[in-house]
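Welcome, and thanks for taking a look at this one. Please open the structure below and keep it in view as you read.

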Amino acid sequence: MKLSQFKFKLPEEQIALYPPHRVFENEDGSVERVYQRDRCRLMVVHRKSEKIDLFKTDSDGKVTDEPLIFRNIVDYFHEGDTFVFNDTAVFPARLFGTKEKTDAKIEVFLLRELNQELRLWDVLVEPARKIRIGNKLFFDGEGPMVAEVIDNTTSRGRTLRFLYDCPHDEFKRELFSLGSAPLPRYIVDRRPADDDDNVNFQTIYARHEGAVTAPATGLHFSRELMKIMEIRGFQNAFVTLHCSLGAFDPIEVEDLTKHKMNSEQVIIDSEACRIVNQAKREGNKVCVVGVSSARATESSVGTDGLLKEFNGWTNKFIFPPYDFGLADALIANFYHPESTMMMLTAAFCGYDLCMEAYHQALSNNFMFGCYGDAMLILDD
């Protein structure tokens with residue numbers, strides 16, 4: 001397929017800057033937001049019948065004017081159905097420092113730790129033209145955190161050595177205390193990250209630190225919703241894919257077969273395989289939560305349609321046409337035009353039906369992005 005086939009006009013007002021919430025004004029005029037993860041809107045797409053549901057139905061099966069919300073997702077599954085979640089944990093990757101001598105403000109985005117003993121980190125810097133090998137950056141905080149640039153890796157990439165003499169655990173705590181939630185640029189270019197984002201931009205089941213952006217579809221699951229799912233007899237399987245910024249890299253080729261994804265670390269253990277494969281053998285649905293979980297499972301599913309243990313890296317790029325080997329259902333967000341996430345959604349949904357769903361989302365004021373609304377795609 002071609003890149004231009006995924007182009008559409010996304011109004012700025014339909015990019016969600018906050019998760020679903022209610023706003024209260026205090027007596028002093030300040031505004032307080034009460035967040036409700038599972039209260040975003042939900043679209044349900046049936047890929048065989050090509051039916052698209054936006055509203056709830058009454059007891060007689062008639063469509064009402066009440067929109068579906070994410071919590072209604074439980075009504076589309078039965079006891080024994082299994083959900084596959086990505087349990088990667090986001091760390092506060094965005095820091096701000098000042099360059100020695102000039103005091104120029106520099107954004108440092110942590111990507112990965114290269115060497116614990118030497119305190120080496122792979123980072124992105126902005127503006128990159130001001131940062132050269134040998135420069136030192138100073139960071140605010142309770143302690144004297146200083147970093148020296150020791151290598152250029154890409155046009156914006158640098159290797160930093162942090163000059164901080166203490167045990168590694170203490171260093172990491174201090175470093176992360178200086179950072180903020182690594183919200184996507186389409187949010188932070190419109191408003192700064194705040195303390196609420198440290199909670200909102202993390203799934204409630206996050207366990208394994210290593211992601212520099214959240215597996216956003218999982219953000220819709222609240223503790224209350226997970227409890228309802230448990231009571232209804234749904235099963236949960238957890239895989240790990242440490243989400244990188246690769247999904248946000250612009251595709252620079254028209255022919256999608258020529259685009260290369262960045263590699264991301266994937267860990268799928270025996271327990272996840274046991275739960276998922278039992279569901280498959282018993283004829284229950286396997287619902288994959290988010291495109292990162294889909295990339296992880298599609299990188300490790302066998303020709304027999306069963307999930308295999310995996311500990312390695314994947315650069316799998318999924319776009320139409322593509323036959324999924326594992327998932328019976330997929331939950332996704334509404335993504336930006338020409339994004340790899342939208343392309344994976346179209347691969348599962350079917351291109352024409354996906355574009356119709358996006359058209360209806362735009363027409364009905366659905367919200368896009370990591371804090372936006374959700375789509376459930378069923379194989380019926």
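Predicted model: local features only at pLDDT ≥ 70, side-chain atom pairs only at ≥ 80, totals over all residues.

The chain contains eight helices and 21 strands. Its radius of gyration is 22 Å, close to the 21 Å that the globule rule gives for 380 residues, so the chain is as compact as a globular protein of that length.

**Overall dimensions and packing**

- Taken along the principal axes, the box filled by the C-alpha atoms is roughly 70 × 60 × 45 Å.
- Buried residues make up 53% of the 380 in the chain.
- If you look at contacts between residues at least 6 apart in sequence, 69% of them join residues at least 24 apart.

**How α7 and α8 cross**

- Helix α7 covers residues 340-349 and helix α8 covers residues 351-363.
- Their axes come within 7 Å and cross at roughly 120°.
- An angle of 65 to 115 degrees would count as roughly perpendicular, and over 145 as roughly antiparallel; α7 and α8 are therefore oblique to each other.
- The crossing of these two helices, α7 and α8, is right-handed.

**Who makes the contact**

- On the α7 side, the contact is made by M342, T345, A346 and C349.
- On the α8 side, Y351, L353, C354, M355 and Y358 take part.

Methods:
Residues numbered from 1 in each chain as written. Heavy atoms only, no water. Axes fitted to C-alpha atoms, helices over the stretch in contact; angles between N-to-C directions. Helix = DSSP H or I, 4+ residues; strand = E, 2+ residues; numbered from the N terminus. Parallel < 35°, antiparallel > 145°, perpendicular 65-115°, else oblique. Left-handed = near helix turned anticlockwise from the far one by under 90°. Contact = heavy atoms within 4.5 Å. Rg over C-alpha atoms; globule rule 2.2 N^0.38 Å. Buried < 20%, exposed > 50% of the residue type's maximum accessible area, 1.4 Å probe, protein only.
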